[in-house]
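Please find below a colleague's note on the structure shown here.

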Amino acid sequence: METDQPGAEMTKEEIQIKEEKTEIKIKKVETGQEIGKEPNRNLLDASSESPRGLQAQCRNLCGKHISIQRTLTDLEKLAGLKEGCRISTVSQNTDPHMAGSKKSCPLCPEDKFKACYAHKLHRHLQNLHWKVSVEFEGYRMCICYLPCRPVKPNVAGDQISLKMGAHFHCIICSATITRRTDMVGHVKRHVNKGETESRYSPARVRKSTHEVVKEADTDVRVLPNYSTPQKTDSYFNPKMKLNRQLVVCALAVLAEERKPLECLDAFGATGIMGLQWAKHLGNSVKVTINDYNANSVTMIHENCHLNKMKVVTSSKEEDDCDLTLEEGEENFPTIEVTQMDANVIMYLRAFDFIHLDPFGSSVNYLDAAFRNVRNLGIVSVTSTDTSSLYAKAQHVAQRHYGCNIVRTEYYKELAARMIVAAVARAAARCNKGIEVLFAVALEHFVLVEVRVLRGPSPADETVKKIRYLIHCQWCEERVFKREGNMIEENPYRQLPCDCHSSMTGKTAVELGPLWSGSLFNPGFLRRMLFEAVQYGLDDIQTLLKTLICEAECTTHKQFSIHGPSSHNKQEECGVFIKTPDAAADYYGKRKSNEMNQNGPKRHRLESNAEHPAFYYNIHRHSIKGMNMPKLNKFLHYLSEAGYRVSRTHFDPMGVRTDAPLVQFKSILVKYSTPTYTGGQSEGSTQALEDSQAGTDGDFTEESM
């Protein structure tokens, strides 16, 4: 169609005006300013390749989200209009001629914060976005209200309103997190894993985030904040040093009985436990370190090379490990490193020594541990779920261990007996019995080591030692429930105290099931003490001496590490240990006649050496207004009265004795002195008279 020239020019101008209006509408739709239109939630996705407007392009120039800035000045420059990177969102109701005077917040949508003048915008940026931020390596991750994070729509009647939630953008992984406390924890988890480099920061030389820690002549490389009990790939706790040394001594005793030993560290983490086994025991043990986490397995490999150990993976020796060995160091043992679930490797392979140290409870791995453990082997169990074991979370103890417990003065020994009962039940399900070598309960962990005895007869004998405990809630007297299935009319008669007759209501509770047998083997502890002296482990020698005294129920003045005379034992450094020949004869193949002859002898030996169950705290039963005697003197007084007595590692002020609580209190009151020398209080005098009246003639008039 033919048209004149002026008409054609007007048509071009109209076309240009329409194109400009169309571009403005597109920008309004993308920024969520079009009335009745849903805002584009992917506007601030910096990784998107599609064009999102000039504001998204300026944000991509720095390679990070616009809410991440170094200084407040940089955030204020972002809201300017003069430079190219200072882009402001123009409101649809604002006149274009007034855009130079009013400015919009670059981190808030128009419905959250409308365009305003510079002084008001400065206060808004300073008091909201900059104040509510998370700092990391010189950057501030400010709070953002832009539609970066999809939020569920709020349906109210027929109206649907989309509320933009506040959030933070992680500088490391570009994640969006709503709460500031969660953002702080998110950044800490990155730091614990060694991920301190920002994804958007410019490339620079990466600094080494590893730290080398030395313990017992063993070097291990750990990550920063390695001692924090969070979800780190390689958790290393320096407070577990006593635990590791006790396990090393127990393995050294087992290595004297038979060689070579196949031992497993089911939860390697940094590999410190298996490395110490190989360092101290050398070629007498075949160490296998396992962990399910790939990063932990990599760190175990590095620590093995750091300690100049050979590494075997999938039964194939690494080619480059020989290059790291120096002259004269070719005799170092070979360590096998595996990456699989702990239950899987214990089901697939048989071991002589298994150590379980998971993060928390170990009940999920007991069945697999006893499935293939060899006869007369040792299973070591470390539990760190002290909140449930020490009766702070009783419902968790009921769920994990199937045991009913309450908070008592002997709660640490109660935790040890609860773990041994769970171990005994797991062993009995595999037709195996156990012999408890020692049980240690300290502030951070509970360590139990048992010897495995194969056969249904040892399993039956083990199950018989799992019994319930009757605990008096008034005086805290306790006694194990009698064996049998018959129901008693009055179970309170089993308690030595008379609280039920003098108090109203129910005064006792039933705890358990618990292990009622001995918690210590004196002979094994003496041999552990000898190994600790031989390898120079000074930190646990005092603890081992306390355990020996506790096992024999004797005081330190009567302490003697010399065992009973035997032709099959020899003395080294003042400690009697079994010779290799005697050990070979004792731990050889089982024969029916030998087991029948040695069974009663072993049973009589254990019954004679069995220590009293539980202990009393001297402060818990002291009399108000009376100064109690020193603990060592009080132990001497109990020993003179004819009772077995010793201190306990469970409680520094605890006394393990076979004396009833009534006699314990009477002797304590007898040798206590009044607080005031001028005269004792009326309550103290009455308590002294009541205690003396309850002795029932156990003390003569001369001794009184």
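**Aromatic pairs, salt bridges and strands**

1. The model contains nine aromatic pairs, where rings of Phe, Tyr and Trp (its six-membered ring) pair if their centres lie within 6.5 Å; planes under 30 degrees apart count as stacked, over 60 as edge-to-face and the rest as tilted. A pair of aromatic rings is described by the distance of the centres and the angle of the planes. The model is predicted: local features need pLDDT of at least 70 and side-chain atom pairs count only at pLDDT 80 or more, while totals for chains, interfaces and linings use all residues. Residues are numbered from 1 along each chain as its sequence is written, and side-chain values use heavy atoms, with hydrogens and water left out.

2. Helices (H or I, at least four residues) and strands (E, at least two) are DSSP runs, numbered from the N terminus. W277 has a relative accessibility of 0% and counts as buried; F353 is likewise buried, with a relative accessible area of 0%. Here buried means under 20% relative accessible area, exposed over 50%, and partly exposed in between (1.4 Å probe, protein chains only).

3. Y410 and F614 form a tilted pair, 4.6 Å centre to centre and with 55° between the planes. The pair links distant parts of the chain, 204 residues apart: Y410 is in the loop between helix 12 and helix 13, and F614 is in the loop between helix 19 (592-609) and strand 24 (616-617). Both Y410 and F614 are buried. Ring pairs also bring in F480, giving a cluster of Y410, F480 and F614.

4. How many salt bridges does a search of the whole structure find? The search finds 17, a salt bridge being a side-chain nitrogen of Lys or Arg within 4 Å of a carboxyl oxygen of Asp or Glu. Side chains of opposite charge can pair when their charged atoms come close.

5. D352 forms a salt bridge with R374, and their closest N and O atoms are 3.1 Å apart. D352 is in the loop between helix 9 (342-348) and strand 15 (353-356), and R374 is in the loop between helix 10 (366-369) and strand 16 (378-383), so the pair ties together parts that are 22 residues apart in sequence. Are these two residues buried or partly exposed? D352 counts as buried at 5% relative accessibility, whereas R374 is partly exposed, with a relative accessible area of 28%.

6. A salt bridge also joins R478 and E409, at 2.8 Å from N to O. Because R478 lies in strand 20 (residues 478-480) and E409 in the loop between helix 12 (394-401) and helix 13 (411-429), the pair ties together parts that are 69 residues apart in sequence. R478 is buried at a relative accessible area of 8%, and E409 counts as buried at 5%.

7. In the salt bridge of R656 with E413, the closest N and O atoms are 3.0 Å apart. R656 is in strand 27 (residues 654-657) and E413 in helix 13, so the pair ties together parts that are 243 residues apart in sequence. R656 is buried, with a relative accessible area of 0%, and E413 is buried with a relative accessible area of 0%. Elsewhere, salt bridges that share partners join R258, E262, D352 and R374 into one network.

8. Three strands form an open, antiparallel sheet in the order 1-3-2, where two strands pair if DSSP finds at least two bridges between them. Strand 1 (68-69) and strand 2 (133-136) are the edge strands, each pairing on one side only. Strand 2 and strand 3 (residues 139-142) run antiparallel and are joined by four bridges. E135 stands opposite R140 in strand 3.

9. Helix 21 (residues 661-670) is mostly covered, with seven of its 10 residues buried. The buried residues of helix 21 include L661, F664 and I667.
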